[in-house]
Amino acid sequence: MMGKETDAMICRACGNEERASEGYPCDGCGTFICMICSFKGVLLCKKCAETAQESADTGDDLLIDGGESPSATI
Ligand SMILES: [Zn+2]
Ligand SMILES: [Zn+2]
């Protein structure tokens with residue numbers, strides 16, 4: 001027990017200081033993401049999100065809407 005010390009951490013997605021115990025680790029690097037961001041669907045810290053976007057830009061592995069998907073015949 002460490003008294004009433006807060007476990008505040010800076011969210012690496014929005015920059016807010018939130019309680020670490022109420023946050024989640026970044027999907028990419030494991031750094032702290034606050035619950036609010038997590039709730040909004042943010043799973044990556046700013047850095048990882050940028051990296052992910054960059055690789056999405058250069059790679060052609062994006063989901064193509066309207067393309068034929070041969071795996072939906074039930
Ligand atoms: Zn946040
Ligand atoms: Zn990250």
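Two residues are in contact if their C-beta atoms, placed from the backbone, lie within 7 Å. By that rule, Arg-19 touches Thr-6, Asp-7 and Ala-8, residues up to four places away in sequence being left out. This is a predicted model, in which local features need pLDDT of at least 70, side-chain atom pairs count only at pLDDT 80 or more, and totals for chains, interfaces and linings use all residues. Residues are numbered from 1 along each chain as its sequence is written, while chains are lettered from A and ligands numbered from 1 in the order in which they are written.

Now the overall layout. The protein has 2 helices and 4 strands. Helices are DSSP runs of H or I with at least four residues, strands are runs of E with at least two, and both are numbered from the N terminus. Their order from that end is β-β-β-β-α-α. Of contacts between residues at least 6 apart in sequence, 12% link residues at least 24 apart.

Back to Arg-19. This residue sits in strand S2, residues 17-19. Phe-32 is 13 residues from Arg-19 in sequence, and their C-alpha atoms are 9.6 Å apart.

Next, the interior. Buried residues are 16% of the 74 in the protein. A nonpolar core is a set of buried Ala, Val, Leu, Ile, Met, Phe, Trp, Tyr and Cys residues joined through C-beta atoms within 7 Å. The largest such core has 9 residues, including Cys-11, Ile-33, Cys-34 and Cys-37. Beyond four places in sequence, Cys-11 contacts Ile-33, Cys-34 and Cys-37, among others.

Definitions and conventions
Buried ≥ 20, exposed ≤ 12 C-beta atoms within 10 Å, placed from the backbone.
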